[in-house]
Amino acid sequence: VIDKHRHTLTDYNQLPIDGNDQQQTDVHQNIHQIIQQECQDSVNNISEGHLLSHRFILEYQDVTGLAVGDDMTDDIAATQSQKSTICPITQKEMIDPVKSNRCKHTYSRQGILQHIRNRGASNRCPIAGCRQSVREKDLVPDDHMQALINSNRN
C-alpha cells in the first residue's frame, strides 16, 4: 500500500510552503485517511492460505515445530483430553516410547529409528505439520507415555 502511494507522499513533501498550514494539514489528513483505509482493506482481504505461507508463520513453525491453522485449537483440545498410545509411525501401541527433545512428539523407539534411517539427511518429524528435524541424539525416553501404556494394560 505504501509503495502504491509513494508518488503521493513524494508530491506532498514537495508542496510549496506558502504559510497556509491548514492546506498542508488537509492534504496530510487526506493522504493519511486513504493509506489507512487501503491498509485496512488489505488486512480484511487477506486469505488464510496467504497468511499461512507468510515467512514469519513459516519461521515460527520451523522454530516451534507447531503447525498453524484453523484446526490448531481442536488439535490442542484433543491432545489435552486424550493422549494416544498408538505410534504415529507403526500404527501399533508404542513399545519403548521415546520423545524428541526438539518437537516433543512421541514414537515407538524402533519406529522412529527406522524412520531416521530411511530418511537420511531429510529426517523431519513424521507428524503432519511438524517441520522439526528428528535425530537419534534428540530422542529421550517418554516416561509419562510408558506409565500411560502400563496403566491401560491393568
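These are my notebook entries on what I looked up in this structure.

**Ground rules.** I am working with a predicted model, in which local features need pLDDT of at least 70 and side-chain atom pairs count only at pLDDT 80 or more, while totals for chains, interfaces and linings use all residues. Residues are numbered from 1 along each chain as its sequence is written, and side-chain values use heavy atoms, with hydrogens and water left out.

**Overall layout.** I looked up the helices (DSSP runs of H or I, at least four residues) and the strands (DSSP runs of E, at least two), both numbered from the N terminus, and I found seven helices and three strands in the chain. Following the sequence, I wrote down their order as α-α-α-α-α-β-β-α-β-α.

**Surface and contacts.** With accessible areas taken from the Shrake-Rupley method and a 1.4 Å probe, where for residues only the protein chains shown count as cover, the chain exposes about 10,900 Å², and carbon and sulfur atoms supply 51% of that area. I then asked how much of the chain is buried (under 20% relative accessible area, against over 50% for exposed and partly exposed in between, with a 1.4 Å probe and protein chains only), and the buried residues came to 20% of the 154 residues. For contacts (heavy atoms within 4.5 Å), I noted that residues 24 or more positions apart account for 46% of those with a separation of 6 or more.

**Helix α6.** In this helix, residues 109-119, I found G111, I112, L113, H115 and I116 buried. Their cover includes the strands β1 (97-100), β2 (106-108) and β3 (139-141). Just after α6, G120 takes a positive phi of about 65°.

**Two loop residues.** Q91 is not a glycine, yet I read a positive phi of about 60° for it; Q91 is found in the loop between α5 (72-81) and β1, and it is exposed, with a relative accessible area of 55%. K104, also not a glycine, has a positive phi of about 70° and is found in the loop between β1 and β2.

**Cysteines.** How many disulfides are there, if a disulfide is a pair of cysteine sulfur atoms within 2.5 Å? By this rule I count zero. C103 is in no disulfide, and its nearest cysteine sulfur, that of C125, is 3.8 Å away. C125 is in no disulfide either, and its nearest cysteine sulfur, that of C130, is 3.8 Å away. I noted finally that C103 is buried, at a relative accessible area of 9%, and that C125 counts as buried at 6%.

How values were computed
Disulfide = S-S within 2.5 Å.
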